[in-house]
Every structure is written in structure tokens, then in C-alpha cells.
Amino acid sequence: MPHPTFELIRRKAVSSLNLLVEEYEHLPTRARHLHLNADDNNNAFLVAFSTVPQDSTGVAHILEHTVLCGSERYPVRDPFFMMMRRSLNTFMNALTASDWTAYPFATQNRKDFDNLLKVYLDAVFFPRLNRLDFAQEGHRVEFVQPTDPSSELTYKGVVYNEMKGAMSAPTSQLWQELQSHLFPTITYHYNSGGDPDVIPDLSYEQLRAFHRKHYHPSNACFLTYGNFKLEEHQALMEHWALSRFDFEPLDFSIPDERRYGTPLRVQTAYPLESDEGTSGKTHVMLGWLLGRSADLREALESHLLTGVLLDNSASPLRKALETTSLGSAPSELCGLDDSGREMVFACGLEGSDPGRADAVEQLILNVLDDVAQKGVPLSQVESVLHQLELSQREVGGGRFPYGLQLMMRVLPASIHGGDPIAFLNIDPVLEELRERIKMPDFINTRVRSLFLDNPHRVRLTMVPEQGLAAQRTAAEKARLGAVRAAMSQEQVARVIEQAQILKARQEAEDNPELLPKVGLPDIPAELPIPEGHDDVAAGVPLTWFYAGTNGLVYQQLVVDLPQFDAELVDDLPLFCVLMAEVGYGELDYLQAQAWQAAVSGGISARASIRGHINDVQQIGAYFALGGKALARNQESLSQLLRETFLRARFDELTRLRELVSQIRASQEARVTDHGHVLAMSAATAGMGPCGALAHRWEGLEGLRRLKRLDDALAEESVLEALALRLQRIQAALLNSRRQLLVVSEEGHQESIHSVLEQGWSEVPQGSPTAGKFAAEPARFAVKQGWTTTTQVNFCAKAYMTVPQEHPDAPALTVLGPFLRNGFLHRAIREQGGAYGAGASYRPDTGAFGFSSYRDPRLAETLADFDRAVAWIASGDHEFRLLEEAILSVISEIDRPDSPAGEAIGTFFGALHGRDAAQRRRFRRAILEVTLEDLKRVSHEYLVPETASMAVLSNHETLMAEGQHLGLQIEKL
């Protein structure tokens, strides 16, 4: 039964997702509550508000940060991060989108759920919004030397630096520019996260006014998911928040954008490192404004059209963009954005030149015109519908729990006045589409109406400009200089005083007992781990896992990674990506891509390499080729995997050339979003073969090698040599021992086994005596500074410690969150202004590492890493800090993955010596770690003189700071 203050509006079973969805209205305030009742103990909550900024000051984003800095019932400075440590959550965060702000969490523990719900409700509805928190999280000016008014002024603030980092990526700049021109008059015109040039214009009073205006239950949407009782959720919501409000007639609905009568063409610039050439680095994008996202039929039609045009390399528009010589690769932004009130379709090229913009535009329009006149084969449209059905059914999980994934699926419809339940129960509309696509001119007419006859189109050409970064830095300095020149003595004194007061506040100890908590007694006694079943198919070892996959089957072919010739080792990651993108047997890559889309949810290959649990200089290495499909297509999936493994073609040289360019473009676009990961990979490159290979394959060294290879492939002989090396890798894998892994629901075993038996019966098993992959041991220190185009820094420092089975490994694992919670968060995020900082033990390399993310500082942060080590050695520390660190580790260990992910992770863990017994043994050891253990392992292993370090930054910063730190400068 619902709480008396809530009225049931409707109840709907969604059989395809095994959900019972209930929609309620809170009678006094008309707040909406959607409950997704599911047999899942990873329960989730989300409250969201429609937030419609009218400028690019980042007010909604800064408010999202600031409301989490203390509230009426929990008057501590940092309840959000404190609760992360006092909780067994499987997810905690806050999110700012272009027109909404959401506060989600998930946990498997009922007590924990109630604790987090109370803190979240109080934070969003009754925040303190302290002026100092606004200065810390949003923006402020300080002197470089905080007490010296003769030093220069600088901007500080967590969001300010976060957005400097976010907007360093060319694709982020490209998207923001495209949005601003597609939406010239409404909220999407602005950067809701905040433009660093505009963020300093936001006042504290404007922040408070934005909260008063938007954060009211009458403008709120509540979502809950899982198997906890609905009435208990509603009782807490009523008691802790809603009872204090009445209805207010708030209307933040967004009008439709005024449509252009003719297409618009715009050219803008983005910064490039001064020593890089500008040729072949222009982005050319076309964007169309489409219909309303809250109309399910219109949304699914738009997704269908997008899939028909762009889904895979056989799709007409993607094929044209991949094969043209007008650019190096399709843009990372190609696709449909349905997050706003009106949808946006975008497509284009990167790696082009300004003079080719007209030709790129004409190429795209010609493809669309050709589809409008000739249509596409019905089988291709049916494949896209198949992909929509598969994505609807798949049960996700992992770091973003499945319940929250479902919530995010329905939230835009809830915000924009659509039917959220319809967006969960899409089967009826899919069936309608299945009939409509049989109409001969369905695709033709939709392409014409959505694109060719739609004049609300923007062509954006974004060109690289050397020196632009320096110009922007100079403009920022000039602005600060003008601010300083206009300051009175009283204003100077206030800036100094604010810096001192803020520092004192950041260093003050809050009373954590004001917050609710779970403790060590609340930790579940055992870790649930799925159990596999051994079998054999056609003489090949087979492992089965039964899981609630909602009608999907997952298959993997797992091969002992053989010992390659040295010259092939660096090509293995490229081989893994290319294998699923080329043709096989008699099929060229276009036919193979079409077949893959028709029968599966995609296939992929990877190398699974981990350090031994007793010696990180030894590794286990496997090659895995896997995919997923609806159960009705499991036979086709098995055939697809078998044919790809046995007969993948690396003789389509033009295809290889195109794919390498696309992979390069994709990896380059991700550098500043994953800068901390890349810096840590560089810092641990000398700590065992896993670290060395990670840096060479997926790290900065790997990207540098990929760029060189891509540049060299213009020579036909280099391309032919690459193809031969890929074929040699394939031949080595064919001769290696293999096994099979299947994850499915019970009831499919007999049919799947029959297919596997028949399919593999005539395929010779790999040689059991084939040599296994072994990498050279790696033991050397690293001190590197890598250059890229960025306005912020990513710092890493690492120490060699012990393998996972060593008795000190549990203490080192707990030491990471202990240092993060107790020292790094305050020193590097709050005081230093970085978006994030962390410390962790890495069992595959035996490394313990410190890192920072989107950090305005460099040398000071590296020094703070050393101060963290000194901090733990000095004085006594409260047991509370240890308990919170253990909770963080257990929360990470116990976080459930998707049903298929749990099974696959368990299988590969056992291959690498992390079987159920080892995992449970390690978890029990975590619970026994003491404060003395932490001090001892810190003293023994974290000796600053032995550290490796790596930094990712811009050339100017590394020239100014890196050399005196002894960093070897490496150009990416």
C-alpha cells in the first residue's frame, strides 16, 4: 500500500523487463514518483529537477556541487563524500544535464538505503549553500601566494577546473558549438556545465535564487527501483522532506526552438599545440534539429533512421564517411542525441581541411538523397529493429547499476512531459514499426522529411589554430589583471581574508557522527559468486553459467595467448579491434558487418592479461572472442564467432587503412577524459610486464605508436606489412589451445550444446604443446611528462609493492581509500581545486599509485602525494577512518555486475588464479586490517625516493615546471 499522501495514478507490468511499474502523485505538492518494482536487491533512488539555465555560468552545475556541502539536519562541510565512506553503496553521484539535475544512489543494504535517502533529501531541499562552499566548488579569485597581494591573481574552483578540463577536448568544443547554433534562443544554447570564460560571472546570490526557483517538490521527479518496500520509501520521503512543502505552480517547460528557414554555415576554431601542423585536423559536422524526444513513436523512428544510416560499416552514410578521402574518420559525434526536448542528428568527419567543408556537406546530402530515392534493403532495416529489441532486453549492471540505467531511460520523458512507462514498454511500438517498415517508401519518405526537406540544419567547420591556447591564457590574465587594478585596498584585504577563512574551514574537523552510517557489523558475511559447470563440446572444454539474462545468450571463445615473435606483440591490440571489423571467408567486410548486425548484439575480441597472484613479474595471458545474441539467434552467433576466428580476412587493405585512422581518432578524442588513467599507466610501466604492456597497448606509448603507424600507412608497403603481421597473429592463435564459455538462462543448454558440438566438430583443436605468451620482466623507474592540448594537468606517482597473495596486499588495498578520504580529498580537491584525487593498490602490477584528475596544479600535487605518506606516519588516527576505508573496499568488492558480467568476470578471474576461494579469502583479510598494518606498509613501501611519476599536461606547463622535477618530456 502506498503512503496516504501519495495517490496511485496507474500500474503497468512490463513483461519484457520483468518489472511492475507504479506511477504516483504526491497529493500536497504534485511531485511525481515512479517506482520500478523488480526482483533485484541492488535498490536505487533518484530525484531530479528540471533546471533550465539562461546563460553559460554553470549555475545548475555549481549548484549540484554546492547543495552537497552541508544541509539543515546534517550541518557538516562535506556530507556527500563523508557518506560515500560511511556507506555500502554500489553507486553515489550527482549529474547535471542540459535541462535537468539528478541525484542518484544505489545500495543492496536497507539500512544504508534509508541513510542515503535521508541525506540526499535534506541536501537537495534544505541545503545550507554557504558562501564559502560556493567559492570552493564554483569559483573565486585568490592570489597565487594567498597572503601576498603583490603576487598575481588566479581563478580557483572545483567546477571551474572541471570544465577547463572537459572543454579541453576538441569533441566537447565541437558539440557545444553545434548545440549553440542549432538552439539559438532556448536553454540548450548555453553550456549547462559552465563555460570557463563565463563561470566567474556567476554570483552567490544568483546561485541561491536558482535553488529557490527550481528545487521544489512541485518541480521534482522521484524514481525508485528494486525489491525494497515502496511504502517505506514514501514514508521517508514524506517525513524527511515533502511534509514541509505545499504545491507551487512551477512551469519550466521548454518551448520548441524557432526553426530556421534556410541552413546555417558556421566556422570556428579550437586550440592546437604550437608545434603541431594544422593540415588534416579540421572537423566538419552537419547537425539537424528533429522532433520531440518525449514522443515514443517519433523517438524510435529517429533511432531507426539513425541506425539505418550509421549503425555499421555497411550502413550507407557510415560507409560513405569511412571510405571518403575528404577526412580521416567519421566524427565521434555521429548519431542521435535524444536527451533534450527536441532531438539532434549529427554526422560529419574529422581529420579534414577547411577547403573541403563544401564537399563533405555535399557528400552527406548526396547519400541522404540516394536513400530517399532508392531506399535500403528491408533486411537492413530489420537488423536495426533487431538491435533496438536487443538493447531493450539486455540486463546491464556494473559501475552504473541496472536500476539506474532504467531510470535514465525514462527520465527525459518524465522531464519533457512524455509517458515514462511507455519508454520502458517499447514492444508495442516496435511491433508497429515492424509492420510500417514493410511499406515500400517508409524509409525514403522519413529520410526526406527529417533531413532533406528540413531547413533547420547547421554546418559547423571547426579548424585548428596554433597559438589560440596562448591567446586564451593571455586573455584570462588580462581579465584578472583588470580585476586586480580595479581593487580597492579593502577588496584586496577581503580576498586574502576569504582565502584564510576558507583554508581554515577546509582544515577544520567536522563531527562525522552527525551523519548516519553503516559499520563493519552491517557487512554481509559472504560474497555471492556464481558457479560454473564444466562440460565438453566437440572435444573443446566448455564452461556453462546459468544467469538471468532476459532472453540473451553470451558466448566466448577463449584461447591461450601464444608466444608471438617480438615484432608482433605491439600489434595485438590492433588485431583485437580489427578482427570484428573485417570480412571473413568469402564475405567482404560490408557483408560481414551486415550479417553481424542481423544476428547479434555485436562481437569483440580482447587480450586478457593479469599478473600472477604470487609474482607480478609472471603473467597469465588469454585471447577472447565473444558476442551476445537473442536466444533465437544463438546458432547464428556461434557460427559468426567460429567463422570470424577461423577465417577473418586481413587482405582488404583499404579497409585496414580506414580502420586504423578511425581507431586513432577515437583514442585521441578520449585523452583528456582519461588523462589520470593514462598518466598512471605511464607511471607503472616499469612495474612488471602487465604495467609495461598496458602502457604500450592502451596507454600513451600505445597511442603514440598508433599515430606513427597511421601516418606511415600512406605507403603501400607499410600497409602490406601490417596485413602480413596480422595474419601471422591469426595463424598463431589458430594453433593454440582453446575453450568455450556460455552464459544463458536455464533451458537453452541442450540446443546450444548441439550447435557447438556440430560447429566445432571438424575444427582441429589447437596444439596443447604450443608455447604460451610470456613477457619480459619490467623493473625500472619512470619520470615522464607527456604533452597534449589541455588547460589542466593529470598527475600520477607510483610505488612498487607486492603481489596480491602477499600478506601485505590487503593492508595496501585499504590504505588507498584511507589516504584518499583522510588527506588527498582535502588537500588536492578542496584546497588544490582539482576535480578529483585518488590512491589505490593495483594487484596486477603490485603497484600503489596516487593520481589527480583535471588538476590546476602540478608540482604542488606531486608534493601533496608525499605529504599524504607523511600524514599517515604522524600521530594516531581514529578507528573511524579505518572503518570507512574498509567499507569503501568491501563496497567495491561486493558491487554486483550484470548477470552475464558476473559470470564472465568469475570465469576469467579463475583463469588468472582469482577463483572463488581466493576472492573470499582476500575479502576476509580486508576485514582484519588494522591501523598499525596501514602505518607499517606505508612506511615499508611508500618511500618517496623510490617513486615513479608521470604527468600529462600542456607543453608550456611542462617546460615551466617539469624540468626542475626531473621529468623527461615526451611528445604524444
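Contact here means heavy atoms within 4.5 Å, and that is the sense in which helix H28 (residues 809-831) lies across strands E25 and E26 (847-853). Welcome to this predicted model. This briefing looks at an open sheet of six strands, and then at helix H33 (residues 931-941) and what covers its buried residues.

**The sheet**
- Reading across the open sheet, the six strands come in the order E25-E26-E24-E27-E23-E28, and their pairing is mixed.
- Strand E25 (836-842) and strand E28 (968-971) each have a single partner strand, so they stand at the edges with one side left without a neighbour in the sheet.
- From one strand to the next, the twist averages 15 degrees.

**A pair inside the sheet**
- Strands of a sheet pair through backbone hydrogen bonds, in either a parallel or an antiparallel way.
- Strand E24 (residues 794-800) pairs with strand E27 (residues 948-953) in the antiparallel sense, over five bridges.
- In this pair, Cys-795 stands opposite Val-951 of E27.

**A helix across the sheet**
- Helix H28 runs at about 170 degrees to E25.

**The two sides of H33**
- Four residues of H33 are buried: Leu-934, Val-937, Ser-938 and Tyr-941.

Technical notes:
Residues are numbered from 1 along each chain as its sequence is written. This is a predicted model: local features need pLDDT of at least 70, side-chain atom pairs count only at pLDDT 80 or more; totals for chains, interfaces and linings use all residues. Side-chain values use heavy atoms; hydrogens and water are left out. Two strands pair if DSSP finds at least two bridges between them. Axes are lines fitted to C-alpha atoms, for helices over the stretch in contact, and angles run from 0 to 180 degrees between N-to-C directions. Buried means under 20% relative accessible area, exposed over 50%, partly exposed in between (1.4 Å probe, protein chains only).
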